[in-house]
Amino acid sequence: MQHAPDFSIDERDAVYRAIFTRRDVRREFLPDPVPDEVLARVLMAAHHAPSVGFMQPWDFLVIRSPAVKRRVQALYRQANEEAAKMFEGERQAAYRRLKLEGIVEAPVNLCITCDRKRHGPVVVGRTHIKTMDVFSVVCAVQNLWLAARAEGLGVGWVSIFHESSLREALDIPHHIMPIAYLCVGYVSHFHERPELEKAGWLSRLPLEELLHFDGWEGCPDEGGEALRKAVREMTQGRD
């Protein structure tokens, strides 16, 4: 039994505030160091994420070395140039204007990995969906991200790498899978809206249009319509 299982209204609202104000940070990092006790708290939050079969498949590589950061940034730049060429015309020009990493600027970089062999080949809950261990690590990333926001830290997830190159640059064993490369640090400010949304790259999809009931093509019953109405009102309240 938990000592205080219920959240107060203020505690509940703080959780939602962290969720709704979390941002993917790229250009706002300050050079201020992140105190070890603060970094320890957000790492502990990540370590307390749910995981399939309680296997806890994650490891955390803490990177502060400027030389290592520059090496990783070079890998990003190579992959980012390849990515830019996948778009055409104005879309490519818009892509090139985006800043998609803060590797060198952020005082701390983290690489969160997945050990897919931890606890052996048969894991409770992973017997049929083999990627559940990877999904577990993503839960750890989200825990860290929300805890970081509550600490006033910005986090930026850099995903434009060749996985094999990143593994080699960080001396990650071959059987370990890098999942997330994160830039972490204090920031000058958090954007009101996600940067890609502000830049006109994409807009947030309406939640109401993403709801399905009792099957992909199912029609909402009275309760479903009530839920859609509640979502619609909440969305209007946030606009």
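**Close-up views of the predicted model**

**View 1. Phe-87, with a relative accessibility of 26%, counts as partly exposed in this predicted model.** The whole structure contains 6 aromatic pairs. In one of them, the ring centres of Phe-87 and Trp-201 are 5.5 Å apart and the ring planes meet at 80 degrees, so the arrangement is edge-to-face. This pair joins distant parts of the chain, since 114 residues separate its two members. Phe-87 belongs to the loop between α3 (66-84) and α4 (89-97), whereas Trp-201 belongs to the loop between α7 (195-198) and α8. Trp-201 counts as buried, because its relative accessibility is 14% and the limit for that class is under 20%. Together with Tyr-95, Phe-87 and Trp-201 make up one aromatic cluster.

View 2. Arginine residues lie over the rings of Trp-201 and Trp-145. The charged end of Arg-91 is placed over the ring of Trp-201, at 3.6 Å from the ring centre. The largest nonpolar core has 29 residues. Among these residues, Val-72, Tyr-95, Ile-103, Phe-161, Leu-170 and Tyr-181 touch the most other members. At least two residues of the core are supplied by each of α3, α4, α6 (163-169) and β4 (176-186). Helix α3 provides the largest share, with 7 residues. In soluble globular proteins, nonpolar side chains tend to be buried together. Tyr-95, one of the core residues named above, is also a member of the aromatic cluster with Phe-87 and Trp-201.

**View 3. Cys-111 and Cys-114 are both buried.** A search of the whole structure returns 0 disulfides. Cys-111 accordingly has no disulfide partner, and the nearest cysteine sulfur, in Cys-183, is 11 Å away. For Cys-114, the closest cysteine sulfur is that of Cys-139 at 12 Å, which is too far for a bond, because a disulfide requires sulfur atoms within 2.5 Å. The relative accessible area of Cys-111 is 0%. Cys-114 likewise has a relative accessibility of 0%.

**View 4. Helix α8 comprises residues 222-238.** Its 17 residues, at 1.5 Å a residue, should span 24 Å, and the end C-alpha atoms are 25 Å apart, which agrees. At the start of α8, a side-chain oxygen of Asp-221 comes within 3.1 Å of the backbone nitrogen of Gly-223.

**View 5. Gln-56 and Asp-214 have positive phi values although neither is a glycine.** Phi of Gln-56 is about 50 degrees. This residue, Gln-56, is situated in the loop between α2 (36-47) and β1 (58-63). With a relative accessible area of 21%, Gln-56 is partly exposed. Phi of Asp-214 is near 60 degrees, and Asp-214 is situated in the loop between α7 and α8. Asp-214 counts as exposed because its relative accessibility is 83%, and the class begins over 50%.

Methods. Residues are numbered from 1 along each chain as its sequence is written. This is a predicted model: local features need pLDDT of at least 70, side-chain atom pairs count only at pLDDT 80 or more; totals for chains, interfaces and linings use all residues. Side-chain values use heavy atoms; hydrogens and water are left out. Helices (H or I, at least four residues) and strands (E, at least two) are DSSP runs, numbered from the N terminus. The expected span of a helix is 1.5 Å times one less than its number of residues. A polar contact is a pair of N or O atoms within 3.5 Å; within protein, one must be able to donate a hydrogen and the other to accept it, and residues adjacent in sequence count only if both atoms are side-chain atoms. Buried means under 20% relative accessible area, exposed over 50%, partly exposed in between (1.4 Å probe, protein chains only). Rings of Phe, Tyr and Trp (its six-membered ring) pair if their centres lie within 6.5 Å; planes under 30 degrees apart count as stacked, over 60 as edge-to-face and the rest as tilted. A charge sits over a ring if NZ of Lys or CZ of Arg is within 6 Å of the ring centre and within 35 degrees of the ring normal. A nonpolar core is a set of buried Ala, Val, Leu, Ile, Met, Phe, Trp, Tyr and Cys residues joined through side-chain atoms within 4.5 Å.
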